[in-house]
Amino acid sequence: MKNKLLSSFRIIHISVAMAGILILSGCTKKFPEKDVDQNTLGTIGPSQLPYIFSGAQKYASAIGSYQVDQNLTADVYAQYFAIDVTYFPTDRYEVVSDWNQESFNIAYLQVMPQLQTIFSNYDSTSAEYAVANVMWVWTFHRVTDYFGPIPYFNAGTGTNAVAYDPQDKIYADFFKRLNDAITILKTKTSEHPFGTFDLMFAGDVNKWVKFANTLKLRLALRISKVDPVQAKTEAESAFADGVLTASPAEDVYVSRDGSKNDPNGLSTMSDWNEFRMSATMESVLKGYNDPRMPEYFLPAANTGTYEGLRNGVSVGQLADPLNKAAANSHVGARWASPAFGGLDSYKSTPANIMCVAEAYFLRAEAALLGWNMGGTVQELYEAGITNSLKQWGVTDNTTIQNYINSTATPIAPQDFLNSPAVSTVPIKFNGADQAIQLKQIATQKWLSLFPDGHEAWADYRRSHALDLYPVANSDNPDLTNPATQWIRRLPFLMSERVSNTAETEKAVQLLGGPDKITTPLWWDKN
C-alpha cells in the first residue's frame, strides 16, 4: 500500500494565527526557499500573498492526496477505474474513514487557511478577493458533495466545537460568493490578479469570469431537482454572463512542474499498478469506437488490446488471470511513465479542473428543462462532443462528424463476469425521446469529464441518467443489493465522531437519514 495516511486530528479548529504559520511552512515545501523569509514565518507581507494563492490552487487539486481523496473513492464510484489489488476494499464499498480524512485535510488545513489569508489582506472589492472566492467555492463544493453537511460557516475560527451546516445553506453561500465575484471581476477586466502566480489563468480576469459562470452553471444543475426555480435563475444568469465556449483554449487546468513536490496526482500513483480501466469504460469506449480511448488508456500488456475490469470483484475473483493488471488497460500515456508506455513528461501533466465540453453538456441538459441556453438541445449536445474530442487532440472534422452521427452503442466487454453491454444508448442524437436524450447527454458528459471522478460521481448521483454496472460485490453491510442500490455519499469521519461528537450527531439530523453510504444528499432526489 503506497499511500501515506495522516493520523486523525482536529483540523477545522485551527486559529487564524496558527494558520499563518501553516501557510508559509506549506509554501516552502512547494516553492524555492528564497521565496519566503525563514526568519519571519509568522509575518505575511504583500510579496508573499501571490505564493499563498498559488499554494491554495496546488493543494485544492490534491497534489499528494490524490489517491485517497479521489482515486480510491470517486474515481471508482464513477467507474472510470476499477481496483486490481486485494488490499484496497473501497471498490466493494467498504469505507476506510482514515482515507476519507484527506478530503478534510485538503480543504480545511491546506486550502482554507491560505484563502482566508487572501481575504484578510485584500479589499473585498478587489479582483484578488474575487478569484479567491471562486477557488473557495470550487474547493468546498467537492467536500460537501462527498459528505453532505460539513463544518463551513464557523470552520477555522478557533472554537473548540464546530457546528456542521446544512447543504442547502452551504449552496446558498456558494451562489452568493460566485455572484459577488463575477460582479467584481466584470469591472476589473484590465487587471491581472496574482499575475503568473495564478496557476490556472495567469491573471486573465476574462477567463476567471467564464470559469466562475461555468462553475455556477454546474451547481445550478446540481440543485435542479430540489430547487428548480433558483436553479433556473442561476443557470440562465451564468449563461448570460458568459461560460466556457472554446476548447482547447479555455479548458481549465492547474499547471504542474513535475518535481517531487509538484507532480500530477494521477501520474504519481499510476506506476503503483493498483487500478485499471473499468469494464464500464471498455463497454462504452469500444462500442462507440471512441477516438478518445487511446488518450484515456493504454492497451493491456498481455493482449495489446483495450480491456477493462468490473468494479467490485471479490478478493477471490481478483486471482483470475482475466482480472490481473497485465490483462487490463493502464491509464493513458500522459499519466504513465515510460516504463508503462507513457511519456517522459508524465508527472508534469496539468491537473484537470474543468473542461469546455462540460459547459455545453450542462447547457444541453438545461435546454432540455426549457431554460434559455442559447441553442437547441441537439446543437449543444453535439457541440459538447465536438469540444471534448478537440480537447483530446481529435481535430479532423470528418472524424468528428462521423462520430456524432454514429448509431453505435456500448458492447459487452467480454470480461471475467461475462457482463452484458452496460447500456443501449447510441451516440447519434435522438430527436424524439427526451428520456434517451437525457441519457445521451449524461453518457457523453461522463466521457468528457475524464479523469475528474469527483465531478463524474457527483453528476451520476444527481441525475442518475448515466448507466453504470452494479458493483460485482458489496462488502458494506448497509448496501446489500447492488442491483438496486448504489453509493450516495461518504459517512462522517471517525475523527469527527471522536473529537467533535456532539456536533457530528447534530449533523446526522441535518442529513435527514442515517449516517450511511445509502443516504442521499440534499440535492439527490433519485
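In the predicted model, the buried residues of helix α16 are Gln437, Gln440, Ile441, Ala442, Thr443, Gln444, Lys445, Trp446, Leu447, Ser448 and Leu449. The elements that cover these buried residues include α11 (279-287), α12 (293-296), α13, α14 (377-391), α15 (397-404) and α17 (453-463). Helix α16 itself comprises 16 residues, 434-449, and extends 22 Å from its first C-alpha to its last, close to the 22 Å expected at 1.5 Å a residue. The N-terminal end of α16 is capped by Asp433, a side-chain oxygen of which is placed 2.9 Å from the backbone nitrogen of Ala435.

The loop between α15 and α16 contains Asp415. This residue counts as buried because its relative accessibility is 7%, and the limit for a buried residue is under 20%. A polar atom of the Asp415 side chain lies 2.8 Å from the backbone nitrogen of Ser419. When residues up to four places away in sequence are not counted, Asp415 touches Ala279, Gly308, Arg310 and Leu322. With Ala279, a separation of 136 residues in sequence corresponds to a C-alpha to C-alpha distance of 7.2 Å.

Helix α13, one of the elements covering the buried residues of α16, spans residues 356-368. Its 13 residues should span 18 Å at 1.5 Å a residue, and the end C-alpha atoms are 19 Å apart, in agreement with that expectation. Helix α13 is mostly covered, as 13 of its 13 residues are buried. Following α13 is Gly370, whose phi is positive, near 95°.

The C-alpha atoms of Pro228 and Leu369 are 9.6 Å apart, although 141 residues separate the two in sequence. Leaving aside neighbours within four places in sequence, the contacts of Pro228 are with Ile223 and Trp371. Pro228 is classed as partly exposed because its relative accessibility is 44%, between the limits of 20% and 50%.

Further backbone features were identified in loops. The peptide bond from Ser247 to Pro248 is cis, with omega near 5°; Pro248 is situated in the loop between α9 and β4 (252-254). A positive phi, near 50°, occurs at Ala202, a residue other than glycine. Ala202 is located in the loop between α7 (167-185) and α8 (205-222) and counts as partly exposed, at 41% relative accessibility. Asn289 likewise has a positive phi, of about 50°, although it is not a glycine. The loop between α11 and α12 holds Asn289, which is exposed at 65% relative accessibility.

The structure holds six cavities of 30 Å³ or more, and the volume of the largest cavity is about 180 Å³. Its lining is formed by 15 residues, with Ser61, Tyr66, Gln70, Ala351 and Asn352 lying nearest the centre of the cavity. Two or more lining residues are contributed by each of α3 (66-71), α6 (127-147), α10 (265-270) and β6 (351-354). By residue class, the lining of the largest cavity consists of eight nonpolar, five polar and two charged residues.

The second largest pocket contains about 230 Å³ of space. It is lined by 19 residues, of which Tyr460, His464, Leu468, Tyr469 and Trp486 are the closest to its centre. Its lining comprises 13 nonpolar, four polar and two charged residues.

Finally, Thr504 was considered in helix α19 (residues 501-511). Thr504 is buried because its relative accessible area is 0%, and buried residues are those under 20%. A polar atom of the Thr504 side chain lies 2.8 Å from the backbone oxygen of Asn500. Apart from neighbours within four places in sequence, the residues in contact with Thr504 are Tyr164, Phe492, Glu496 and Arg497.

Key:
Residues are numbered from 1 along each chain as its sequence is written. This is a predicted model: local features need pLDDT of at least 70, side-chain atom pairs count only at pLDDT 80 or more; totals for chains, interfaces and linings use all residues. Side-chain values use heavy atoms; hydrogens and water are left out. Helices (H or I, at least four residues) and strands (E, at least two) are DSSP runs, numbered from the N terminus. Buried means under 20% relative accessible area, exposed over 50%, partly exposed in between (1.4 Å probe, protein chains only). A polar contact is a pair of N or O atoms within 3.5 Å; within protein, one must be able to donate a hydrogen and the other to accept it, and residues adjacent in sequence count only if both atoms are side-chain atoms. Contact means heavy atoms within 4.5 Å. On a 1 Å grid over the protein atoms alone, a cavity is a set of points where a 1.4 Å probe fits but cannot get out, and a pocket is an open set with protein on both sides within 12 Å along at least five of seven lines; lining residues have an atom within 4 Å of a point. Grid points are joined across faces, edges and corners, and a volume is the space filled by probe spheres set on the points. Ala, Val, Leu, Ile, Met, Phe, Trp, Tyr, Cys and Pro count as nonpolar, Asp, Glu, Lys and Arg as charged, and the others, Gly among them, as polar. The expected span of a helix is 1.5 Å times one less than its number of residues.
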